Amino acid sequence: MNPDASRRPRARDLGVVVGPTPTGPLNALTDVPGVRVGHATVRTRPDVHTGVTAVVPDGVRPGAPVPAGVFVGNGYGKLIGSTQLAELGELETPVLLTSTLSAFRVADALVGWVLEQPGCDSVLSLNPVVGECNDGYLSDIRSRPVREEHVRAALGGASAGPVAEGCVGAGTGTVALGFKAGIGTSSRTPEAADRRFTVGALVQANFGGTLRVLGRTLDGPGPASETGSCMIVVATDAPLDARQLTRVARRAVFALARTGAAYSHGSGDYAVAFTTTRPGTAPPLADADLSPLFEAVLDAVEEAVLNSLLAATTTTGHAGRTVPALPADRLLAAWASDHKVVPDGSWLARVPERR
């Protein structure tokens, strides 16, 4: 776990509640059964602040893929493996996130790891899926410091428990909406077609714009992240096909607008969505039943971005640049006019009307 993040509040700790749908027990991507998350943080102060984050669906491998979809909001980035993912609608490896110039080394290391897994002795082709954000403002990106041992550490340490957020793994050096950002996650448990499902989102936040919290804006002093991106991974246990999961991925990118994303020329905005339910193991959902899942994705991604900002800590990095953390008191002040303080001093979670 990131020791700094454990001392900082998440959005719900401050009473910032996004949407009406309940969360899972951890309010994290790992609330989806059969999904694990691991991080490897690579930090050599003052110049290197980077890492790798692994999202691992249990049992996924060549020959045993899970249905998946991908959506590109703005394609200024590298999502290795995206064309085959879109063509076949199948995810056959874990999804790894990292720094832009380290993405290719990470993909090679992922291929090596997959080839060693049980059932892969005769594999001659596979499609590694690796996304990236440009953390070059705070990290010496040209040194390409993420290596095979870090990839294997993230994969080997992936667990179904709480997910570390903020300055950890692939989010160690990222910046978003004028503040230090990083990894964030959230989940929802929507009901669709009289069945209860889990939807989880994880973001690697590194994009420009003006932070918006439940409709209230908050200017940040950090850079615009014109060379950044946002990578989003969505998982669910709902029985969806690849076409439907592409629709889910599309909503995940749409959700960034709620947080104030500028979708600038230099921002690569991508989402990968997958289900852990294999075809034929549960009655499929009809398109007409998907709206609760779409809403859940929008809310989970919005909250995941807020968590990525709140968990991150002020960081001084490459070339002496410093990006401040989002102060919780400023966030609260930005929307306090629509809330009130209850006697114990905590904030009452009453969602204001969106503007």
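The lining of the second largest pocket divides into seven nonpolar, two polar and two charged residues, where Ala, Val, Leu, Ile, Met, Phe, Trp, Tyr, Cys and Pro count as nonpolar, Asp, Glu, Lys and Arg as charged, and the others, Gly among them, as polar. This is a predicted model, in which local features need pLDDT of at least 70 and side-chain atom pairs count only at pLDDT 80 or more, while totals for chains, interfaces and linings use all residues. Residues are numbered from 1 along each chain as its sequence is written, and side-chain values use heavy atoms, with hydrogens and water left out.

**Pocket and cavity**

- The second largest pocket holds about 150 Å³ of space, and its lining includes Arg36, Arg61, Trp113 and Gln117; β2 and α2 (103-115) each supply at least two residues of that lining.
- On a 1 Å grid over the protein atoms alone, a pocket is an open set of points with protein on both sides within 12 Å along at least five of seven lines, a cavity is a set where a 1.4 Å probe fits but cannot get out, and lining residues have an atom within 4 Å of a point.
- The search of the whole structure finds one cavity of 30 Å³ or more, and the largest cavity has a volume of about 40 Å³, a volume being the space filled by probe spheres set on grid points joined across faces, edges and corners.
- The lining of the largest cavity comprises nine nonpolar, no polar and no charged residues, and β6 (95-99), β16 and β17 each supply at least two of the lining residues.

**The six-stranded sheet**

- An open sheet of six strands, with mixed pairing, has the order β5-β3-β17-β16-β13-β10; β5 (90-91) and β10 (183-188) stand at the edges with a single partner strand each, so one side of each is left without a neighbour in the sheet.
- Strands (E, at least two residues) and helices (H or I, at least four) are DSSP runs numbered from the N terminus, and two strands pair if DSSP finds at least two bridges between them.
- Strand β3 (residues 66-75) runs antiparallel to β5 and is joined to β5 by two bridges, with proline 67 opposite glutamate 90 in β5.

**Threonine 50**

- Threonine 50 lies in strand β2 (residues 48-57) and is buried, with a relative accessible area of 1%, where buried means under 20%, exposed over 50% and partly exposed in between, with a 1.4 Å probe and protein chains only.
- Leaving aside neighbours within four places in sequence, threonine 50 is in contact with residues including Ala40, Ser99, Asp135 and Thr172, contact meaning heavy atoms within 4.5 Å.
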